[in-house]
Amino acid sequence: MGQIIGRGWLAGWVAVTLAVAGCAPMPAPVAPPVAQAPIQGPALPAPSAPHAATPDGAARSFVQVMRRMEPAVRQDCLTRRTAPISCDFIFVVDDRPGLEPNAFQTVDRNGRPVVGFTLSLIAQTRNPDEIAFVVGHEAAHHILNHLDRKSGAATAAAVVLGSLASAYGGDTSAIARAQEIGASVGARYYSKEWELEADYLGAIITMNAGYDPINGSGLFQRIPDPGNHVLGTHPARAQRLAQVRRAVADVQAGRVR
């Protein structure tokens, strides 16, 4: 009997003790905050080795680069396109002799984006990174819808200047000339901004394909610097090099992918 009472008393004492303790709970230990590691993006690929300093060496390098750039361009197009464009790109080489080093963008009759390069431009490159960066830059113009935006800017400026010429009593030829000037100015007005946008995205595409866009942008060092002319179509060299470095820094810091 005593054993049973003792157990009951002990149980009651424990219950009261717990109840009293519940009125003034001891603060639970606070775990120290866990430091969050900053999100890191991929490392910058190692610079590629120079290809043979001949047109044939550059052409062989171009073929090899395109095997990696084509899927990278398609993937980035599907992820980043700003308009419902086709991501089934066509890449062409204009091998006619005597053409200036150049690259261009257009669309075919079915609306597929076309990126073209002259053979002289390819021959001017010194390594696969430079080829990859040019490809990424030109593809970026399509992905960012610059062709349609350029056409819209040219049309709007042509309408404005044509209307002004008409309002000031210009004849048919004066109005046509004003429209022509307006289209040219309108197309150029945003061209520097668009070139920098294409440099930025082109650098990201180049990195995603496993090439070094900073090494690739070395091509800028060997082409004439357009400076900072008001109606120039391309920004100054220093701006473009800085834009490529900015894109690389953003990818490495995890700000963009």
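Visitor: In what order do the elements of the protein run from the N terminus on?

Guide: The order is α-α-β-β-β-α-α-α-α-α-α-α. That gives nine helices and three strands. Helices (H or I, at least four residues) and strands (E, at least two) are DSSP runs, numbered from the N terminus. This is a predicted model, in which local features need pLDDT of at least 70 and side-chain atom pairs count only at pLDDT 80 or more, while totals for chains, interfaces and linings use all residues. Residues are numbered from 1 along each chain as its sequence is written, and side-chain values use heavy atoms, with hydrogens and water left out.

Visitor: What share of the protein counts as buried?

Guide: Of the 257 residues, 36% count as buried. Buried means under 20% relative accessible area, exposed means over 50%, and partly exposed lies in between (1.4 Å probe, protein chains only). The accessible surface comes to about 15,100 Å². Carbon and sulfur atoms hold 61% of that surface.

Visitor: Why is phenylalanine 91 called buried?

Guide: Its relative accessible area is 18%, so phenylalanine 91 is buried. The cut-off is under 20%. Phenylalanine 91 sits in strand β1 (residues 90–94).

Visitor: What does phenylalanine 91 touch?

Guide: Not counting residues up to four places away in sequence, phenylalanine 91 touches Met66, Glu70, Val73, Val115, Phe117 and Val135. Contact means heavy atoms within 4.5 Å. Take phenylalanine 117: it is 26 residues from phenylalanine 91 in sequence, and 8.1 Å away in space, C-alpha to C-alpha.

Visitor: Why does isoleucine 205 count as buried?

Guide: The relative accessible area of isoleucine 205 is 0%, so it is buried. This residue belongs to helix α7. Leaving aside neighbours within four places in sequence, isoleucine 205 contacts Met69, Ala72, Val73, Asp76, Gly136 and Ile143. Isoleucine 205 and arginine 257 are 52 residues apart in sequence, yet 9.4 Å apart in space, C-alpha to C-alpha.

Visitor: What makes arginine 246 partly exposed?

Guide: Its relative accessibility is 43%, so arginine 246 counts as partly exposed. The class runs between the buried limit of 20% and the exposed limit of 50%. Arginine 246 lies in helix α9. From arginine 246 to tyrosine 200 is 46 residues in sequence and 7.6 Å in space, C-alpha to C-alpha.

Visitor: Why are α7 and α9 called oblique to each other?

Guide: Start with the general point. Two packed helices are described by the angle between their axes and the distance between the axes. Axes are lines fitted to C-alpha atoms, for helices over the stretch in contact, and angles run from 0 to 180 degrees between N-to-C directions. Helix α7 (residues 191–208) and helix α9 (residues 237–252) cross at roughly 45°, with axes that come within 8 Å. Angles under 35 degrees count as roughly parallel, over 145 as roughly antiparallel, 65 to 115 as roughly perpendicular and the rest as oblique. Therefore α7 and α9 are oblique. Their contact residues divide into nine nonpolar, two polar and six charged. Here Ala, Val, Leu, Ile, Met, Phe, Trp, Tyr, Cys and Pro count as nonpolar, Asp, Glu, Lys and Arg as charged, and the others, Gly among them, as polar.

Visitor: Why are α4 and α7 oblique to each other?

Guide: The axes of α4 and α7 cross at roughly 120° and come within 7 Å. The pair is therefore oblique. Among the contact residues are Phe133, Gly136 and His137 of α4, and Trp194, Leu201 and Ile205 of α7. By class, this contact has nine nonpolar, five polar and two charged residues.

Visitor: How do α2 and α4 pack?

Guide: Helix α2 (residues 55–80) and α4 pack at about 35°, with their axes 9 Å apart. The residues that meet include Phe62, Met66 and Met69 in α2, and Ile131, Val135 and Ile143 in α4. The contact divides into 13 nonpolar, two polar and two charged residues.

Visitor: What is the phi of asparagine 145?

Guide: Asparagine 145 has a positive phi of about 60°, although it is not a glycine. Most residues other than glycine have a negative phi. Asparagine 145 lies in the loop between α4 (128–143) and α5 (146–167). With a relative accessible area of 17%, asparagine 145 is buried.

Methods: Accessible areas come from the Shrake-Rupley method with a 1.4 Å probe; for residues, only the protein chains shown count as cover.
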